[in-house]
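Reader: I have a structure open and some questions about its packing. Can we go through it?

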Amino acid sequence: MNINFNYRKPEAKGKKVAYFSMEFAIDQCLKIYSGGLGFLAGSHLRSAGELNQNLIGIGILYKHGYYDQNRDSNQQMRVDFIKKDYSFLMDTGIVFPVSVHDHTVMVKAFYLAPDIFGTAPLFLLSTDIPENDYLSRTITHRLYDPNEATKIAQSIVLGIGGAKLLDILHDNTDIYHMNEGHPLPLLFYLYSKCHNLEEVKRKVVFTTHTPEAAGNEEHDINLLNEMNFFYSVPFHEVKEITKVAYGNLNYTLTGLRFAKIANAVSKIHEKVANEMWKGNEGTCSIISITNAQSKSYWADKKLEEAFEKGSEAEILNRKREMKKALFEVVADQTGKLFHPDVLTVVWARRFAGYKRANLIMRNFENFLNLITSSQYPVQFIWAGKPYPEDSSGIHLFNEIANQIHPFENCAVLTGYELKLSALLKRGADVWLNTPRYSREASGTSGMSAAMNGTVNLSIADGWFPEFVKHG
């Protein structure tokens, strides 16, 4: 196949890296992300672009994205799935087959050029094309589809499809970087070429993120085999190299057995991850490389200039302007007018149970005393997206909204994506983080908040103990 565009710059530095991730938060308008994993991947692609690293991203183009978070007529959270179109993506013309459940599924590759949003090159794979039947087209409709077979199929498209694309491009990739375990079939595709685990290990690095059980995906090994998860590797050989004869195959554990090295995403998470997987034969070392966010993207430029000049008046003035910009969204969504001279506390992140969005409200009498104080006035804002099928997370979102509804200095916002995230981080005075200890792998939202003159108030988990300076 004749590829008529140069996606890797001749002057790019370092080994050829292909960075596989289920989600990338690149820009507000490209809705292929849900939370921290995507925010990190987006920052990695921005930083790699700025640093001229020889890295390309491999992801999936979701027709409906994650979901659109809105409110119904009773002000309760509503989940909407809306088709998306992107005129700025280049149709590469590359279409190729992958096998899913002994069925041929055609995959098309789209390309996001570096100059569109200032990133490293990114390829996005889609099965929503005329060549496929309806069921095959739905594989790439929704990020984190709740159907087990669809989830497995997405991993096959990302892992095997991404690796096949690189072969079609004659990319001669040096390093395959798996951002979490979702692209695991990639490893079996690589293994099928050499049937040598050590040879595969030389080319694979792996980032494991979450200490949550739900974040370490696993499925029955027989089902995975039936769905062609292991590409052309004979099943008896799969069992031998994965050390799983029956039962569930864990994506994270398998990734640790196929990589030359893995990284946790903070020093605390390194301890937690090593404790989680100790005693398992054949795993690689897990070191810590603490997550980071791209300062050039997240930090407000005017505030940065005021900091560099050391002008307290300019810092305070710019912070006040940023709070006003946030409060326009608060007023638009809720009809409540917040004041820029009042201390503003923000809790905003993925609505997962262990993150405890309502912790500050557990003792409601204390919370009432806090928000009704005339001596020390305060304003509270919550934002975040529960998983669309997480009824308890959606209930918690609605419960908080219902409880704070009567108070003019408390608000819950919908649509927590890149744009709102930036407004919240710039407009907050205090960024509140309340996870159960050791279950927040990193928590990078506080990093980009800190870049905007916001104080972090957090449980001593994730990256925070590495950053905090007492006094």
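**Rings, core and helices**

Author: Trp298 counts as buried because its relative accessibility is 1%, under the 20% cut-off. Bear in mind that this is a predicted model.

Reader: And Tyr297, what is its relative accessible area?

Author: Tyr297 has 27%, so it is partly exposed.

Reader: How are the rings of Tyr297 and Trp298 arranged?

Author: They are edge-to-face, because their planes stand at 85°, with the centres 5.0 Å apart.

Reader: How many aromatic pairs are there in the whole structure?

Author: The search finds 27. In one of them, Phe229 and Tyr251, the ring centres are 5.4 Å apart and the planes are at 40°, so that pair is tilted. Phe229 sits in the loop between helix 7 and helix 8, whereas Tyr251 is in helix 9, 22 residues apart.

Reader: Are those two, Phe229 and Tyr251, buried or exposed?

Author: Both Phe229 and Tyr251 are buried. They also belong to one aromatic cluster with Phe188, Phe230, Phe235 and Phe258.

Reader: Switching to helices. Which residues of helix 5 meet helix 9?

Author: Leu187, Phe188 and Tyr191 do, and they meet Thr254, Gly255 and Phe258.

Reader: At what angle do the axes of helix 5 and helix 9 cross?

Author: Roughly 35°, and the axes come within 10 Å. The crossing is left-handed.

Reader: Last one, the largest nonpolar core. How many residues?

Author: That core has 111, and Phe188 and Phe229 are among those touching the most other members. Helix 4 supplies the largest share, nine residues. A second, separate core has 16 residues, including Ile381 and Leu413.

Note on methods. Residues numbered from 1 in each chain as written. Predicted model: local features only at pLDDT ≥ 70, side-chain atom pairs only at ≥ 80, totals over all residues. Heavy atoms only, no water. Core = buried A, V, L, I, M, F, W, Y, C linked by side-chain atoms within 4.5 Å. Buried < 20%, exposed > 50% of the residue type's maximum accessible area, 1.4 Å probe, protein only. Helix = DSSP H or I, 4+ residues; strand = E, 2+ residues; numbered from the N terminus. Axes fitted to C-alpha atoms, helices over the stretch in contact; angles between N-to-C directions. Left-handed = near helix turned anticlockwise from the far one by under 90°. Contact = heavy atoms within 4.5 Å. Phe/Tyr/Trp six-rings, centres within 6.5 Å; stacked < 30°, edge-to-face > 60°.
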